[in-house]
Amino acid sequence: MVGTEKQTLTPKGIIHEKFGVKAIYKIEEVHDSSQKRPCLYRCHLQLPDFSVVTNVFKNKKDSEQSAAELALEKLGIQPPDDDDDDDVTVEQAWDDIVERIKYIFSDEFLSTDHPLSSHLRAALQKDGERFGSVPVSVIATFDAKIISRCKVINPSVDLDPNLAMSCVMEAAAKLSDYIVVSPHVASLRRKNPYPPAIIEALALVVEQVTLDISSEQYYLDIIAEKLGLKDGSQVMISRTIGKTSSGYECRVYSAIPELRSFDNSWKAHGKRPVAESSHLEKSRNAKASFVCGQDVHGDAIVASVGYQWRSHGLEHDDVTLKSFYRICCGISPNGIYKLSRKALIAAQLPLRFTTKSSWRGPLPREILCMFCRQQELAEPVFTISTAPVKSMSDLLRSYKKLKDSESDNNSNQYMSWETEDSDCDDTNNHHYKRREKEEEPGSGTGYRCEVKILSKSQDLVLDCSPGSFYEKENRAIQNASLKALSWFSSLFDDLDADPEQPRYTNQDLDWFYQRNIMIKGTFPSSRRYKEPTSRSKTTGMHSYTRDKKRVQSIPNGSMVSISYSVSVDVDLGFSKNGKPLKELIESNEEIEFEVGNGSMNPHLESVVTQMSVGQYGCFLTNQPSEGLILAAASDTARTRSLLSEISAGLEYHVHLLGVKGPTEKRMEADFFKPTLSIQRVEFAVKHIKELSASNLVDFGCGSGSFLGSLLDYPTSLQTIVGVDISQKRLARAAKMLQSKLNKGAGNLKSIILYDGSILEFDSRLHDIDICTCLEVIEHMEEDEACKFGETVLSLFRPKLLIVSTPNYEYNTILHKSARYHPKDKSMSHRSKFRNHDHKFEWTRAQFKRWAYKLSQRHNYRVEVTGVGGSNVDPGFASQIAVFSRQSFFEVDVVEKVAEGSMQSYKVIWEWKR
Ligand SMILES: C[S@@+](CC[C@H](N)C(=O)[O-])C[C@H]1O[C@@H](n2cnc3c(N)ncnc32)[C@H](O)[C@@H]1O
Ligand SMILES: [Mg+2]
């Protein structure tokens, strides 16, 4: 007799028998360039219903076998070499079934991919007596090991499935300590409850249900019915948790927990009792509890339905999965920012606040207030303190200290001592406490802000005291708010994660307080800055891969404008039917952001800052949290199904529309300590003192930063005047000056702000001691700048005129410091200027020519000098011409003009002592 040696099939063989050509193996080569090892292999196996990916192997065959083994495990098929059915005795078979049932009801089985585990998870979603009960028929049908052992016990099980079920019931009866057998309903359930954490994790399933409220039935009864409850009287209703896209309010509906007596004894030892864990009690629904801030047990329905005070009829609106996820998103500070910028995937809550003009979206303080309201916390309390800054030398010394403290605090040096025209200190009408002023009157100021978040019952939730100083009070407040927000954000960010304690009830505050006191230096470091971990892809456009060395051509501080789209994309080779699958989830025609402050999705920012204007880019990344994608996607059902694909990632397309270089002030602040504007103030003060000037006019005074600084220096000045054509800036100047004067600054008699063009003459400003025109002329056309020169020296005729403007030749140095490439062909001539608003920038020779010719025509003497750098090549960063009136013609001209008496300027604000 020829020996019939038993041929055991390999895992791959079994897969082939079952699926034939529908099983697609794909081998991926894994290179590790850092180590000179040969290539490794990973196998992706795609089956009609699911796919698996292996670890890496030295050879392709092993990776394929491993993939097949993984797939068999998922299918619940025992690998053939595991054991040999022929050798199993009946007794052993019973033992195996008992062991297997025990394993099926273990904690770890719930997280396996075995098809039975889905039945178990579904059973744990049931309420009441059915909670955790799994039909015996399911166990007898879907577990290969149980089937094979049942066959050993009784070979006829193939013909009569009832036999297998009896086997399972009988085996389960031997586990009476562990399993409850319900013979009348033929189901099994575990005796001891699952740990609450496991149950909570299971509660994260969010599905869409349809409530038919068209009938005459009471809507709460309909909701009760969906929740498996008797009627509306058993339904608990949450507070409003958010709105649908059309603005209707949503609430969470769930079962009223069993009425328990009020046992307050736990408060003494500070720990809330864990609910008596009978399997009959509904498990805590973590997601619903997170969303509405109340303990929700069992299933919950988010719905927008009910009677509003505005109308008599029942109002209702569809709550889509998208609106649900958007509500979840809006609970976190980062989400509030994302939603308000209409860029869920792209926008990020910035890590720092630089200037109001470059900030996009609601300001940090507004977001913080919104967040506190939403979380039922008290309004944030800001405490502002000032630091003494006495003289230039002290300022320089303290700068160094500040820099150290800034770096301790993981923040950016730009934040300190920066001036910015467009910033205004709109710090009114909020909860501010002012500390004793530590500085001497008349000295400069630096602001520091601390923010405290308290619960409604005034318990401290967060104490955020960043150590940084800012020149502007508003900037200190915004940055402190941002720090508090970033901290809350790190608690809330992942929509699908379960924050341990998402809200702060009195009971939670103790531990919350201890964990959350945030002081200087203990701020959690950000996880945001990662290079794109792209699955690289070439598309004929610019494509980016992980290996490519990153060369940032757009410097930090620039304002970048892009259009982009993001799609969920399933790799061609892995999609079912081999068809490419893609779903657009977010797109934006134009969105602007500041580079380097963390306000843009790091992948997009990293790619965009390597591009030039007009260029397109395409890249792929892994997916962020599913909740975020679903909140952005319009077809949530389809997007969800794509996301379940193993090779799903995000495909970004981006077009760089424009770049505005980093602001002049930021670039200069990076380079000059003290800043050029402070150096200009010092320069002017020196001349005021030399001349013992009693009045001064600042032409193009903007938001009054120069005039405001003059209040900090003791001089002979009695009257100062500002002229500008921007009413908005003049209003800011007035507000700032008033606030400084209220604090007792300066020794002046009067201040006037005029709205008017400095190209026009106004006889009230004739024959002034000193006129200044700092960084203004380059904001006009060149011919206007020349006209201004003529008007001032021929009509206003001040004793001294100081005009400053950037030195174009110095830009190469500034741009180099900002990693800016002026040779970039995509940059226009204008973009090589320091500021996008500059109409021209002169070289030293151009400026000198203008100044000398002008002075000669009007009988002034001129000295051309500057601040920042020195007289040697390429000269001063900010070039300055000082025109002094020669006394020769003086008398005639003064009289001539006084007769003309033209008043073309309008008084905007006036102050008199
Ligand atoms: C860069 S800002 C300089 C502000 C201020 N001098 C300083 O150094 O901080 C230029 C200012 O010039 C003003 N300006 C431009 N053309 C003007 C004109 N024809 N008359 C008056 N002001 C003008 C603008 O409104 C703007 O406030
Ligand atoms: Mg300028």
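## Ground rules

Because the model is predicted, local features need pLDDT of at least 70 and side-chain atom pairs count only at pLDDT 80 or more, while totals for chains, interfaces and linings use all residues. Residues are numbered from 1 along each chain as its sequence is written, and chains are lettered from A and ligands numbered from 1 in the order in which they are written.

## Overall make-up

The protein has 28 helices and 29 strands; these are DSSP runs numbered from the N terminus, with helices being H or I of at least four residues and strands E of at least two. Of its 913 residues, 40% are buried. Buried here is 20 or more other C-beta atoms within 10 Å of a residue's own, exposed is 12 or fewer, and partly exposed lies in between, with C-beta atoms placed from the backbone.

Take the contacts with a separation of 6 or more: 73% of them link residues 24 or more positions apart. A contact is two C-beta atoms, placed from the backbone, within 7 Å.

## Two nonpolar cores

A nonpolar core is a set of buried Ala, Val, Leu, Ile, Met, Phe, Trp, Tyr and Cys residues joined through C-beta atoms within 7 Å. The largest one has 90 residues, and Val252 and Ala484 touch the most other members. Helix 16 (residues 473-492) gives the most to this core, at seven residues.

Setting aside neighbours within four places in sequence, Val252 is in contact with Ser238, Ile241, Ala288, Val291, Cys292, Val296, Ala300 and Val302. There's also a second, separate core of 65 residues, and Met667, Cys701, Tyr810 and Val867 are among its members.

## Strand 28 and its partners

Strand 28 (residues 876-885) has nine of its ten residues buried. Strand 26 (residues 800-806) runs antiparallel to strand 28, joined by seven bridges, and strands count as paired if DSSP finds at least two bridges between them. Here Leu801 sits opposite Phe883 of strand 28.

Strand 27 (residues 860-869) also pairs with strand 28 in the antiparallel sense, over nine bridges, with Val864 bridging to Ala881. The hairpin of strands 27 and 28 has six residues between the strands, and Gly875 takes a positive phi near 90° there.

## Around ligand 1

Ligand 1 has 19 residues around it, of which Gly700, Gly702, Ser726, Ile758 and Leu774 come nearest; a residue counts as near if its C-beta atom, placed from the backbone, lies within 6 Å. Helix 23 (705-710) and strand 23 (719-724) are the elements that give two or more residues to this shell.

By class, the shell has nine nonpolar, six polar and four charged residues. Ala, Val, Leu, Ile, Met, Phe, Trp, Tyr, Cys and Pro count as nonpolar, Asp, Glu, Lys and Arg as charged, and the others, Gly among them, as polar.
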